[in-house]
Amino acid sequence: MARSHNFSAGPTAVPLEVLNQAYDEFHDFAGTGMSIMEMSHRSPIFRAIAEQTEADLRELLEVPAHYRVLFVQGGASLQFAQVPMNLAGDNGSVDYLHTGLWSGKAIEAARQYCEVRVVASAQGTGFDRVPAVEDWQLNPKAAYLHYTENETVHGVQFAEPPASEAPLVCDACSSLLSKPIDIARHGLVYAAAQKNMGVAGLTVVIMDPALLDRCHGFTPDILNYACISDAQSMLNTPATFPWYLTGLTLQWIKRSGGLQVLHQRNQTKASLLYETLDGSDGFYRNPVQPAYRSINNVPFRLADQALEAAFLREAEAAGLHGLKGHASVGGIRASLYNAISVEAVAALCEFMGAFARRYG
Ligand SMILES: *Cc1c(COP(=O)(O)O)cnc(C)c1O
């Protein structure tokens, strides 16, 4: 079996151990003669999987015991709307930090529900940083402050959650479970599974129950966090197979040593790649200020942009998949999520060195 080195921004690689386990259990889960996909979400077997997944997520992320964990559908993009629908409150004004493409989309979605104040934007410098805290125009009375922990397209990541009097809402779609995060500092954290913790179809929402009081009014039950929480995320049929796959992935993360160990490995991977970029005498260039460089997504350009098509073609031929940059910024992007091995990144760096020698 030949497995590609997969640097796709998502969906992306799933750990081989997880794929193998799912394969082994595919036709007959635990002697039931049925696939997980064929079972009722209300069956004792699926309920046990759902509960174990939540318990493992709580353990790995050290989620405060009173926080709610919801398993929903619609991706992180639905959260762009669902967050303001539920949390803006009456006459709500909400604060957003604008640090790249994804926070921009979150802002546009929120504008349809409430008054959005952009507290700070890095647009003027091409989204190469998190704007300096001194320049943020925070509204302490905002219904919440939203930030995007890791900008998947621009490769910008927060070093720390922002300090905020308003409840902090975090789009952690491309970084949740790639490193520890202080959940207790947040009112709500959301992430879709297809980056660091499974496959497309499942989205995790972790929230402070103090915010549940706001979820009323025009929000339909199916999108209302309070209703979803009351129904243990089974108001309707949940995405059972992705939920199961996330459960297997969380067990793999635990076997791998947990988030501290994964974080170290992710930092090692990112350092390898940034050193290759910075040591290339300008052949390659990552535009992000070093303090804000992402460990999850590394966008870069070639000094001679006309060579980028050849770079992508030759990389693909060398078994290095998914390196094309997002359409909005072009160039190259390597995503280094949890399932990507150090060896895969080393192979990429070796390829980059050889390519630079050949064309430099
Ligand atoms: C991928 C991503 C999204 C969108 O996720 P979908 O599941 O496709 O809706 C939102 N925010 C960030 C930071 C992302 O990386």
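Modeller: Two strands pair if DSSP finds at least two bridges between them. Helices (H or I, at least four residues) and strands (E, at least two) are DSSP runs, numbered from the N terminus. This is a predicted model, in which local features need pLDDT of at least 70 and side-chain atom pairs count only at pLDDT 80 or more, while totals for chains, interfaces and linings use all residues. Residues are numbered from 1 along each chain as its sequence is written, and side-chain values use heavy atoms, leaving out hydrogens and water.

Colleague: In what order do the seven strands of the open sheet run?

Modeller: The order is 2-10-9-8-5-3-4, with mixed pairing. Strand 2 and strand 4 (115-121) are the edges, each pairing on one side only. Direction ignored, neighbouring strands of this sheet are turned by 20° against each other on average. Angles otherwise run from 0 to 180 degrees between N-to-C directions, and axes are lines fitted to C-alpha atoms, for helices over the stretch in contact.

Colleague: Over how many bridges do strand 2 and strand 10 pair?

Modeller: Strand 2 and strand 10 (residues 203-207) share five bridges in the antiparallel sense. Phe-71 stands opposite Val-204 of strand 10.

Colleague: Which strands does helix 2 lie across?

Modeller: Helix 2 lies across strand 2 and strand 10, at about 125° to strand 2. Contact means heavy atoms within 4.5 Å. Helix 4 (residues 101-110) lies across strand 3 (93-98), strand 4, strand 5 (145-148) and strand 8 (168-171), running at about 160° to strand 3.

Colleague: How is the packing of two helices read, and what is the angle between helix 7 and helix 9?

Modeller: Two packed helices are described by the angle between their axes and the distance between the axes. Helix 7 and helix 9 (residues 342-359) pack at about 0°, with axes 9 Å apart. That makes helix 7 roughly parallel to helix 9 (under 35 degrees; over 145 is roughly antiparallel, 65 to 115 roughly perpendicular, the rest oblique). Residues making the contact include Leu-272 and Leu-273 of helix 7 and Val-345 and Met-352 of helix 9. By class, the contact has nine nonpolar, one polar and two charged residues. Ala, Val, Leu, Ile, Met, Phe, Trp, Tyr, Cys and Pro count as nonpolar, Asp, Glu, Lys and Arg as charged, and the others, Gly among them, as polar.

Colleague: Why is helix 6 described as largely enclosed by the rest of the structure?

Modeller: Twelve of the 16 residues of helix 6 are buried, so the helix is largely enclosed. Buried means under 20% relative accessible area, exposed over 50%, partly exposed in between (1.4 Å probe, protein chains only). Among the buried residues are Trp-243, Tyr-244 and Trp-252. Their cover includes helix 1 (16-24), helix 2 (44-61), strand 2 (68-72) and helix 7 (258-278). Just after helix 6, Gly-257 takes a positive phi of about 115°.

Colleague: Is His-41 buried or exposed?

Modeller: His-41 is buried, at a relative accessible area of 13%. His-41 sits in the loop between helix 1 and helix 2. Leaving aside neighbours within four places in sequence, the contacts of His-41 include Phe-46, Met-234 and Thr-240. Thr-240 is also one of the buried residues of helix 6.

Colleague: With which strand does strand 12 pair over four bridges?

Modeller: Strand 12 pairs with strand 14 (residues 332-335) in the antiparallel sense, and Ala-334 of strand 14 is the bridge partner of Val-298. Strand 11 (residues 284-285) and strand 12 pair, also antiparallel, over two bridges. Five of the six residues of strand 12 (residues 297-302) are buried, so strand 12 is largely enclosed by the rest of the structure.
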